[in-house]
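This briefing goes through the side-chain contacts of one protein chain and the space left between its atoms. Please look over the sequence and the structure before reading on.

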Amino acid sequence: MSTPTAYPSSRLLTARLGEFVGDVREAVDRGLAPDVTAYLVGERLAPHLGAPDLLTPEQREGDPDRYRQHVLHAEPDGSFSIVALVWLPGQRTAIHDHVSWCVTGVHEGEEHERRYRLVPDGPGSRLIAVEDVVNPRGAVCGFAPPGDIHRVWNACGTKAISIHVYGADIARLGSSVRRVYDLPTADEVQGLPTADGQ
């Protein structure tokens, strides 16, 4: 699946989103380790999830062809970005990792996630599914590379929206994805369901 298109024109700050940008800036400006920064940002994100005044109607719009990325804010110095991802039913990512630390929070609906570990396999590598997670509205998680390989999808019958904060300039990069993995996976080999439900 292709990477979603960024929509820089959606960077309109509601009052609540502006407050959150300031909170993230304060946490990032401390200059702490990536995992600690992600934890602090997650604490600041949680109170805003589900609030009806966080996003504009345009920032809640999906795309029938793929999950949609709205760049809400990119810090001028490139130190962080805030993105809304809008998922219509059945939409998903490829298996991927990230360019930086990240914090995600489910704003609306529910997201499913499968986390993987990369292991050597003879001359190559393969992925082993290590955890399946269902993230309901209000759930927050954070991570910092390495060890951040996963796939995310919307398995419910309604729209899902999540807020992502990255320690990188997503407006410039276009995506938080560092690498897409097209490798054998243990969940497929063992006959477990994939993110497609197959």
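The model is predicted. It holds ten salt bridges, one aromatic pair and zero disulfides. The largest pocket has about 160 Å³ of space.

**Cysteines**

- A disulfide is a covalent bond between the sulfur atoms of two cysteines.
- The count of disulfides in this model is zero.
- Cys102 takes part in no disulfide, and the nearest cysteine sulfur, which belongs to Cys141, is 7.4 Å away.
- Seen from Cys141, the closest cysteine sulfur is that of Cys102, and 7.4 Å is too far for a bond, because a disulfide needs the two sulfur atoms within 2.5 Å.
- Cys102 has a relative accessibility of 1% and therefore counts as buried.
- Cys141 also counts as buried, at 18% relative accessibility, since the cut-off for buried is under 20%.

**Salt bridges**

- Side chains of opposite charge can pair when their charged atoms come close.
- Ten salt bridges are found in the structure.
- Asp132 pairs with Arg114 in one of them, with 2.6 Å between the closest N and O atoms.
- This pair links distant parts of the chain, as Asp132 is in strand 6 (residues 124–136) and Arg114 is in strand 5 (residues 110–121), 18 residues apart.
- Arg114 is buried, at a relative accessible area of 5%.
- Within the salt bridge of Glu26 and Arg30, the closest N and O atoms are 2.9 Å apart.
- Glu26 counts as partly exposed at 36% relative accessibility, and Arg30 counts as partly exposed at 43%.
- Glu113 and Arg115 form a salt bridge through their side chains, at 3.1 Å from N to O.
- Glu113 is buried, with a relative accessible area of 5%, whereas Arg115 is partly exposed, with a relative accessible area of 25%.

**Aromatic rings**

- A pair of aromatic rings is described by the distance of the centres and the angle of the planes.
- The model has one aromatic pair.
- Tyr67 and Trp87 make up this pair, which is stacked, at 4.5 Å centre to centre and with 15 degrees between the planes.
- Tyr67 is in the loop between helix 2 (34–45) and strand 1 (68–74), and Trp87 is in strand 2 (residues 81–87), so the pair ties together parts that are 20 residues apart in sequence.
- Tyr67 and Trp87 are both buried.

**Largest pocket**

- Rolling a probe the size of a water molecule over the atoms shows where empty space is left.
- The space in the largest pocket comes to about 160 Å³.
- Its lining consists of Glu113, Arg115, Tyr116, Val130, Cys141, Gly142, Phe143, Gly147, Asp148, Ile149 and His150.
- Strand 5, strand 7 (140–143) and strand 8 (149–153) are the elements that give two or more residues to this lining.
- Sorted by class, the lining of the largest pocket has five nonpolar, three polar and three charged residues.
- Glu113 and Arg115 are among the lining residues, and these two side chains meet in the 3.1 Å salt bridge listed above.
- Cys141 is another of the lining residues, and its sulfur is the one 7.4 Å from that of Cys102.

Technical notes: Residues are numbered from 1 along each chain as its sequence is written. This is a predicted model: local features need pLDDT of at least 70, side-chain atom pairs count only at pLDDT 80 or more; totals for chains, interfaces and linings use all residues. Side-chain values use heavy atoms; hydrogens and water are left out. Buried means under 20% relative accessible area, exposed over 50%, partly exposed in between (1.4 Å probe, protein chains only). A salt bridge is a side-chain nitrogen of Lys or Arg within 4 Å of a carboxyl oxygen of Asp or Glu. Helices (H or I, at least four residues) and strands (E, at least two) are DSSP runs, numbered from the N terminus. Rings of Phe, Tyr and Trp (its six-membered ring) pair if their centres lie within 6.5 Å; planes under 30 degrees apart count as stacked, over 60 as edge-to-face and the rest as tilted. On a 1 Å grid over the protein atoms alone, a cavity is a set of points where a 1.4 Å probe fits but cannot get out, and a pocket is an open set with protein on both sides within 12 Å along at least five of seven lines; lining residues have an atom within 4 Å of a point. Grid points are joined across faces, edges and corners, and a volume is the space filled by probe spheres set on the points. Ala, Val, Leu, Ile, Met, Phe, Trp, Tyr, Cys and Pro count as nonpolar, Asp, Glu, Lys and Arg as charged, and the others, Gly among them, as polar.
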